[in-house]
Structure formats: C-alpha cells, structure tokens
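Please take a look at this protein chain. The report below walks through its helices, its cores, its surface and its salt bridges.

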Amino acid sequence: MLSYVVKRVLQMIPTLLGVSLLCFIIIHSVPGDPAHLIAGVDATDEQVQSVREQLGLDRPLLEQYFNYVSNLVKGDLGESMQSERPVLEEIMTRFPNTILLTVFSVVIMVIIGLFAGILSATKPNSIRDNVTMMFSLFGISMPVFWFGTMLILLFSYYWPLLPSGGSSGFQHFILPSIVLGLSSSGVLARLTRSSILEVIHQDFIRTARAKGVKERLVIYKHTLKNALIPIITIIGLEFGTLLGGAVLTETVFSMNGLGRFIIQSIEFRDYPAVQGCILFVATIFVVVNLVVDLCYSAVDPRIRYE
C-alpha cells in the first residue's frame, strides 16, 4: 500500500508540471495586457512599459516560465497583480468557503442521489422508476445559474426567508448548496440505479432471498455494498470538482469562494492568480483521485495495491 501511494505521489509531479505549462501557454495566448489594466486607460506608452518591466512581462516567455517553476519548487505561487498579495494567501482566504459549500452540496447529493437511485432500481420500469428518473434528468439538464436565480427570486425576493448572496453565515450556504446538490444528485441517482440493477440479478442475491433474508438487508447490505465502486468514483469526482470552485454558483450567489476568484482573475488578466488557482485545483483533483482509489480496497477486499 505504501509503495503504491509513493508511486502515485511521484506521478503527480509530471502531471502538475504539464498542467502548469499548459495553463501558462493558454493564459499568455489570451488577448489583453494586464499592464494596460494596471496602468489605467489614460496611461502613456512609457508608463505601460514601466509596469510591464515591474511585472517581468517584458522578458521572454521561456524565462518567465522557468522563473515561475523555480518559485513553485519553493512553494511560492507568485503575487497577485490585482491585490499585490501572495496568490497562496488569496486562495487560502477563499478556500474555507469553498470547502463548506462542497461539503454541504455533497451531503445533499449523496442523500438524494443514493435514495433516488435505490428507489428506482428496486422497482424498475414502474411509475416510481419513471418519475424518479424524470426528476434526475431534470437535475442534470437544468443550468445551475438559472436554478440559482429562480431560488433567489423565490426565497429571497418573493418570500424573504434566506439571503440572496454572501458567505458570512450558515444561512448563506443553504441556497447554493441546494443548487449544487440537486444538480449533482441526478447523475448519482442514474449511476446508482444502473449499478444496483447490474448486481441485483446476480446469483448471490437470489441465494440471499432464497434463505429468507429481509429485502431491506438484501438491498442495503448485499446489493448496495457490491455496487459501491462506481458510486464512490462519481462522488469523488464531484467532490474534487466542487473543491476546485463552483464558478457559476459562486458568481450567482456572490460568494467569496475560489471559483469566483478565478473568474475575477481571468477578467483582470491576473496571470499569477490564474496559474496558481489552476495548479491548486489540479492538485486537489489528483489527491482526491488517489483517496478514491484507496477507498476501493476498503469497499472491496479483493482489490489490493502492491
């Protein structure tokens, strides 16, 4: 197990280097010059050039990337052009809000998605199955920005029960968590249904029923346990995606999270902030994927990592 973890951690290094190179090339290919934004509209060419020299943007791209990687090795993600604060400090200021939003959303997703999937799989092709899958398809299809706007109109404008934005208290996370949780639960419900249907017709399930095991135990103890591998995979991927910042949801609800910070940095052409955020998100993804792989062996003892 330890050797497998060490091997996967070492594999992260070229992956993250590739992500940093790709992000560097893309962000420098986007039209626009941050020096013009910082210097202002009325700035002269000399002032703009002076800002470019201060930011190091006048140097060759290869030299800029080499300096960036050199600082990465030291744990330095650079300094934000917009706030003139360290990028890592900017990320960690917003990351707690993103963590809370992710945890609340995943809890809603797991409760609703698992329950809906089991409900459908136990009565396939029935009215209950069709209605549940119809709602899951609605959850998958509806845009989060539209759903979020509708919830704001309903619960913040017409019935002022919850705040329409912000991230200063628990009540500010309710509406965005519902938006993300319900949107993600549709995918989980459909995957849970298909996974359970693959397992429920196998011989060991028939044997359990023939022995007189209660149907609830058959479903939750025998069937669901053997269908957990793809379910854990989709939960892990969704968890990693949300930790990377729910861009649209955080923007709609004006939350001070990582996703909204990425959008603001892209609009300002804040190269260090964008690169640092993307690299941070990529690191989260590879770590979450490693944790998900390790969970497989806990769920299925037949899986061993050597």
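Helix H7 has 15 residues, which should span 21 Å at 1.5 Å a residue; its end C-alpha atoms are 20 Å apart, so the two values agree. The expected span is 1.5 Å times one less than the number of residues. Helices here are DSSP runs of H or I with at least four residues, strands are runs of E with at least two, and both are numbered from the N terminus.

This is a predicted model: local features need pLDDT of at least 70, side-chain atom pairs count only at pLDDT 80 or more, and totals for chains, interfaces and linings use all residues. Residues are numbered from 1 along each chain as its sequence is written, and side-chain values use heavy atoms, with hydrogens and water left out.

Which residues of H7 are buried? They are Val144, Phe147, Gly148, Leu151, Ile152 and Ser156. Buried means under 20% relative accessible area, exposed means over 50%, and partly exposed lies in between (1.4 Å probe, protein chains only). The cover over these buried residues includes helix H8 (174-200) and helix H12 (247-252).

A nonpolar patch of about 1,200 Å² is made by Phe138, Phe145, Trp146, Met150, Leu153, Leu154, Tyr157, Tyr158, Trp159, Leu161 and Leu248. Patch residues have over 30% relative accessible area and no salt bridge; nonpolar side chains (Val, Leu, Ile, Met, Phe, Trp, Tyr) are joined within 5 Å, and like charges within 9 Å. Helix H7 (residues 144-158) supplies the largest share of the patch, 7 residues. Tyrosine 157 lies in H7. Is tyrosine 157 buried or exposed? It counts as exposed because its relative accessibility is 60%.

**The nonpolar cores**

In soluble globular proteins, nonpolar side chains tend to be buried together. A nonpolar core is a set of buried Ala, Val, Leu, Ile, Met, Phe, Trp, Tyr and Cys residues joined through side-chain atoms within 4.5 Å. The largest one here has 31 residues. Leu101, Val179, Ile196, Ile200 and Phe253 have the most contacts inside it. Two or more residues come from each of helix H5 (87-122), H7, H8, helix H9 (203-210), helix H10 (215-226) and helix H11 (228-243). H8 gives the most to this core, with 8 residues. Another core lies apart from it, with 22 residues, including Ile262, Leu279, Val281 and Tyr296.

Phenylalanine 253 touches Gly148, Ile152, Ser164, Gly165, Gly166, Leu175, Pro176 and Val179, leaving out residues up to four places away in sequence. A contact means heavy atoms within 4.5 Å.

**Salt bridges**

How many salt bridges are there? The count comes to 6. The rule asks for a side-chain nitrogen of Lys or Arg within 4 Å of a carboxyl oxygen of Asp or Glu.

| Glutamate 90 | Arginine 85 | 3.8 Å |

Arginine 193 is buried, at 19% relative accessible area. Aspartate 129 is buried too, at 2%. Salt bridges with shared partners join Arg85, Glu89, Glu90 and Arg94 into one network. Arginine 85 is partly exposed, at 31%, while arginine 94 is buried, at 12%. Glutamate 90 and arginine 94 are 4 residues apart in helix H5, which means about one helical turn separates them.

**The whole chain**

The protein chain has 14 helices and 0 strands. Its C-alpha trace spans about 85 × 60 × 30 Å along the principal axes. Of its 306 residues, 42% count as buried. The chain exposes about 16,700 Å², and carbon and sulfur atoms supply 66% of that area. Accessible areas come from the Shrake-Rupley method with a 1.4 Å probe; for residues, only the protein chains shown count as cover. Among contacts between residues at least 6 apart in sequence, 71% join residues at least 24 apart.
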